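Trainee: I have a new protein model open on my screen, and I would like to learn how to read it. Could you walk me through it, one feature at a time?

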Amino acid sequence: MATEEKHLKVEILSKTHVKPQKPLGRKECQLVTFDLPYIAFYYNQKLLIYKGGVEEFESIVEKLKDGLKVVLEEFYQLAGKLDKDDDGVFKVVYDDDMDGVEVVTATVEDAETADLLKEEGTAKLKELLPYNEVLNFEGLHRPLLSIQLTKLKDGLAMGCAFNHAILDGTSTWHFMSSWAEICTGSKSISIQPFLDRTQARNTRVKLDLTPPEQQNAIESHDAQAIEARNKEWESNPIIFQYKDAGVNCVAVGSSPRFKVYDVDFGFGKPESVRSGANNRFDGMVYLYPAKEGGRGIDVEISLEAGAMENLEKDKEFLVIEE
């Protein structure tokens, strides 16, 4: 029998903005073929749940902000905004007078880390994540990264919303790992980000943000097929939406190669890493490395309720080895 999910009672304490520590001047970078198809997707949401640090919550927040100021000197695009040039070509722009990254602090008195770890759905976790149902092209007038730090009874929840038009999975976790490096004492990050997309593909594409057409799946993934696909899209740009995956389609995101459980800001590694409601639709699968390490994989599956119920009853699908 279905039961109504109880939402968390989250109280917002503050909202501030963080910019690079040093003046950088104005910087621009054109978005290219790899970025633009997903500009009508929602912001990419990730939730990291940490245990402990409750007594030092305020000092932890300040430490995270200080580290963010430093790491944004390299990842300055996250402190900028989307823009369009005179021809309607999208670009990401940073300038010193922009607001920067949004940082929200909050508290929830009726939840422990254990409550969140056993939560299978997204409704209860929704209030721990910023920018629910916000589309990437809203980065024209919103920050490209928003972070919500929520104090729990016995821990901290870090909810992040990244503009998916400027970050993919690899660059998302590169940023998170670099931020953690700074917060744990490094003077600089170990791997510099690659920001100039035009060095990979210098093609100007003007977009008309009208409802997208249905998109066929790519059957071949060799270099020749990908190059042909890029040229086809550039000649007739189509904006993708989640619904374009089609009926009975499975989409796979993230990767067990991303070291999501190594993101330690100095108060321990995360107990759990989850995707937000923005990333969930019927047929969406996310893969993460198992928290215990080794060759294990954690899998997030989103399905229509009836299909999920049938899957959970499938004895061949859920095989537990003791």
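Mentor: Happy to! Let's begin with contacts: among the contacts in the protein with a separation of 6 or more, 78% are between residues 24 or more positions apart. Keep in mind that this is a predicted model.

Trainee: Good to know. How many helices and strands does the protein have?

Mentor: There are five helices and twelve strands.

Trainee: And what share of the 322 residues is buried?

Mentor: Buried residues make up 47% of them. As for the surface, the protein exposes about 17,100 Å², and carbon and sulfur atoms supply 48% of that area.

Trainee: Let's turn to sheets. How do I read one?

Mentor: The general idea is that strands of a sheet pair through backbone hydrogen bonds, either parallel or antiparallel.

Trainee: How many bridges join strand 4 to strand 5?

Mentor: Four bridges join these antiparallel strands. To find your place there, look for Lys-81, which stands opposite Val-93 in strand 5.

Trainee: How do strand 11 and strand 12 run, parallel or antiparallel?

Mentor: They run antiparallel, and six bridges join strand 11 (residues 284-289) to strand 12. One place to look is Val-285, whose bridge partner in strand 12 is Ile-301.

Trainee: Now the aromatic rings. What should I look at when two of them pair?

Mentor: A pair of aromatic rings is described by the distance of the centres and the angle of the planes. This structure holds nine aromatic pairs. One of them is formed by Tyr-76 and Tyr-94, with 6.3 Å centre to centre and 55 degrees between the planes, which makes the pair tilted.

Trainee: Where do Tyr-76 and Tyr-94 sit in the chain?

Mentor: Tyr-76 is in the loop between helix 1 (57-71) and strand 4 (81-84), while Tyr-94 is in strand 5 (residues 90-94). They are 18 residues apart, and the pair links distant parts of the chain.

Trainee: Why does Tyr-76 count as buried?

Mentor: Tyr-76 counts as buried because its relative accessible area is 17%, and buried means under 20%. Tyr-94 is buried too, with a relative accessible area of 2%.

Trainee: What kind of pair do Phe-162 and Phe-175 form?

Mentor: Theirs is edge-to-face, at 6.3 Å centre to centre and 80 degrees between the planes. Phe-162 belongs to strand 8 (residues 155-162) and Phe-175 to helix 3 (residues 169-183), 13 residues apart. Both Phe-162 and Phe-175 are buried. They also belong to a cluster linked by ring pairs, together with Tyr-50, Phe-75, Trp-179, Phe-265 and Phe-267.

Trainee: Which residue lies over the face of Tyr-76?

Mentor: That is Lys-27, at 5.3 Å from the ring centre. In another such arrangement, Arg-142 lies over the face of Tyr-131, at 4.9 Å from the ring centre.

Technical notes. Residues numbered from 1 in each chain as written. Predicted model: local features only at pLDDT ≥ 70, side-chain atom pairs only at ≥ 80, totals over all residues. Heavy atoms only, no water. Phe/Tyr/Trp six-rings, centres within 6.5 Å; stacked < 30°, edge-to-face > 60°. Helix = DSSP H or I, 4+ residues; strand = E, 2+ residues; numbered from the N terminus. Buried < 20%, exposed > 50% of the residue type's maximum accessible area, 1.4 Å probe, protein only. Lys NZ or Arg CZ within 6 Å of the ring centre and 35° of its normal. Pairing = 2+ DSSP bridges. Contact = heavy atoms within 4.5 Å. Areas by Shrake-Rupley, 256 points an atom, 1.4 Å probe, with all protein chains shown as cover.
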